[in-house]
Amino acid sequence: MPTGAPEDRYTAAPFVPERGGLAALREAAAGCRGCPLHGPATQTVFGAGDARARVMLVGEQPGDQEDRRGEPFVGPAGKLLDRALSDAGADPARAYVTNAVKHFKFTRAEPGKRRIHRAPTLREMTACGPWLAAEPAVEEPESIVVLGATAGKALLGSSFRVGRVRGTVLGEEIHGRPEKLVPTVHPSSVLRARDADRRAAYDGLVGDLRVAARRLA
Ligand code: URA
């Protein structure tokens, strides 16, 4: 609910071009100053992959490696995601991957020390929403795979709970467009699982991704 605080006015909207494809969006997003997350981050990490992909995958926000390289899902979570997509029968090279929030949000325990991921707030997700609305509008995927709670809240609202709907196909209007969404867990949750649980967590992710892959068959 708006409170009159400056955070209520965070938005990427004035930076989003009215015309052009993904290349125009990516170029404009590089200069986005819609919220303060651009300050400490190295660069905007816009979506990447096959511009004609039938499946778009949406994660949370870039991590440390993504922030340095300027590409989404190139770190450990991305490597696991690529493997899971292949095991689900989908070609990772034919997907488009992006994030709900386009800048890395982090803290440091001490100056000069390792950067530690911090989850984006609802306001930051909302501020970045115009980019997440623009990407499917120009890319026109047949399915959107929702990777974890942040992506789910950004696309489906703050009451989203991944456990209730994972591995199902949801038909929803997203930013004015009818979309088919397949929610699943975030690949980082598989990496964080206890050793004894990791195999089952991975198999669960692959099973959910198979639901999206089958829609493409
Ligand atoms: N986690 C995400 O949600 N996105 C990335 O790009 C990398 C890690």
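**Close-up views of a predicted model**

**View 1. Helix H1 packs with helix H4.** In this predicted model, helix H1 (residues 22-29) and helix H4 (residues 122-139) pack at an angle of about 160 degrees, and their axes are 10 Å apart. Angles over 145 degrees count as roughly antiparallel, so H1 is roughly antiparallel to H4. The crossing of H1 past H4 is left-handed. On the H1 side, the contact is made by Leu22, Leu25, Ala28 and Ala29; H4 brings Trp131, Ala134, Glu135, Val138 and Glu139.

**View 2. Phe46 and Trp131 form an aromatic pair.** Let us stay with Trp131, one of the H4 residues in the contact with H1. The count of aromatic pairs comes to two. For Phe46 and Trp131, the ring centres are 5.9 Å apart and the planes stand at 85 degrees, so this pair is edge-to-face. Phe46 sits in the loop between H1 and strand E1 (48-49), while Trp131 belongs to helix H4, so the pair ties together parts that are 85 residues apart in sequence. Both Phe46 and Trp131 are buried.

**View 3. Helix H5 has buried residues that pack against strands and a helix.** Here we turn to helix H5 (residues 148-156), where Gly148, Thr150, Ala151, Gly152 and Leu155 are buried. Their packing partners are helix H4 together with strands E2 (55-59), E6 (143-147), E7 (170-174) and E8 (177-184). Do look just past the end of H5 too: Gly157 takes a positive phi of about 105 degrees there.

Key:
Residues are numbered from 1 along each chain as its sequence is written. This is a predicted model: local features need pLDDT of at least 70, side-chain atom pairs count only at pLDDT 80 or more; totals for chains, interfaces and linings use all residues. Side-chain values use heavy atoms; hydrogens and water are left out. Axes are lines fitted to C-alpha atoms, for helices over the stretch in contact, and angles run from 0 to 180 degrees between N-to-C directions. Helices (H or I, at least four residues) and strands (E, at least two) are DSSP runs, numbered from the N terminus. Angles under 35 degrees count as roughly parallel, over 145 as roughly antiparallel, 65 to 115 as roughly perpendicular and the rest as oblique. A crossing is left-handed if the near helix is turned anticlockwise from the far one by less than a right angle, and right-handed if clockwise. Contact means heavy atoms within 4.5 Å. Buried means under 20% relative accessible area, exposed over 50%, partly exposed in between (1.4 Å probe, protein chains only). Rings of Phe, Tyr and Trp (its six-membered ring) pair if their centres lie within 6.5 Å; planes under 30 degrees apart count as stacked, over 60 as edge-to-face and the rest as tilted.
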